[in-house]
Amino acid sequence: MTDQAQSDGAVRVGIVVGSRSDMSAADKAAAVLEELGVPAEIRVISAHRAPALLARYIEMAEKGGTRVFIAIAGLAAHLPGVVASQTTLPVIGVPMPGGVSDGLDALLAIVQMPKGVPVATVGVGNAENAALLAAQILAVGDSGLAERFAARRAAAAQAILEDPANEGL
């Protein structure tokens, strides 16, 4: 993907949640992507209750320029795997806390994908890391985004260096 392809304003990251209860995580991911200048959108589509709508969204998103999907789900957490089964684009799964094991069930459901249908997975509830990973994937073909990503990381390191607890080190 060229720098021009990244600058045309098309949505590059599709964020999908299975229910409105996961919107706060989606909003956190969208905020990170906005900070980095990556166009994103959020959709609420259940893999179980609206599978045809999910398939239609994935097809439309791909045609519209989306290059990475973030799928946020708890409990059985089938959404990331279903998204991955419908596309060859990268899918990042975000397991959400809750259920009988506070997110461990969702984590295991996402990381245990069958061979041939990979889903990258971040920590339980860590939608910010999903957004950062999506940006890193996109930055491979976008030097401007790569520079913004590097600057964000450098600023985070600088903040640690300037923490008063680290004075004298």
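**Exercise 1.** At what angle do helix α3 (residues 51-64) and helix α4 (residues 79-86) pack, and how far apart are their axes?

*Solution.* The model is a predicted one. Step 1: the angle between α3 and α4 is about 55 degrees, and their axes lie 10 Å apart. Step 2: angles under 35 degrees count as roughly parallel and those from 65 to 115 as roughly perpendicular. The two helices, α3 and α4, are therefore oblique to each other. Step 3: their crossing is right-handed.

**Exercise 2.** Name the residues that make the contact between α3 and α4, and sort them by class.

*Solution.* Step 1: α3 contributes Leu 54, Ala 55, Ile 58 and Glu 62. Step 2: from α4 come Leu 79, Val 82, Val 83 and Gln 86. Step 3: by class, this contact has six nonpolar residues, one polar and one charged.

**Exercise 3.** Describe the largest nonpolar core and state which element gives the most to it.

*Solution.* Step 1: this core has 28 residues, and those touching the most other members are Val 13, Ile 15, Leu 33, Leu 36, Ile 70, Ile 72 and Val 94. Step 2: two or more residues each come from β1 (13-17), α2 (23-35), β3 (68-73), β4 (91-95), α6 (127-139) and α7 (143-161). Step 3: α6 gives the most, with eight residues. Step 4: a second, separate core has 18 residues, including Ala 77, Val 83, Ala 106 and Val 119.

**Exercise 4.** List contacts of Ile 15, leaving aside its neighbours within four places in sequence.

*Solution.* Ile 15 is in contact with Ala 26, Ala 29, Ala 30, Leu 33, Ala 40, Glu 41, Ile 42, Arg 43, Tyr 57, Ile 70 and Ile 72.

Methods: Residues are numbered from 1 along each chain as its sequence is written. This is a predicted model: local features need pLDDT of at least 70, side-chain atom pairs count only at pLDDT 80 or more; totals for chains, interfaces and linings use all residues. Side-chain values use heavy atoms; hydrogens and water are left out. A nonpolar core is a set of buried Ala, Val, Leu, Ile, Met, Phe, Trp, Tyr and Cys residues joined through side-chain atoms within 4.5 Å. Buried means under 20% relative accessible area, exposed over 50%, partly exposed in between (1.4 Å probe, protein chains only). Helices (H or I, at least four residues) and strands (E, at least two) are DSSP runs, numbered from the N terminus. Contact means heavy atoms within 4.5 Å. Axes are lines fitted to C-alpha atoms, for helices over the stretch in contact, and angles run from 0 to 180 degrees between N-to-C directions. Angles under 35 degrees count as roughly parallel, over 145 as roughly antiparallel, 65 to 115 as roughly perpendicular and the rest as oblique. A crossing is left-handed if the near helix is turned anticlockwise from the far one by less than a right angle, and right-handed if clockwise. Ala, Val, Leu, Ile, Met, Phe, Trp, Tyr, Cys and Pro count as nonpolar, Asp, Glu, Lys and Arg as charged, and the others, Gly among them, as polar.
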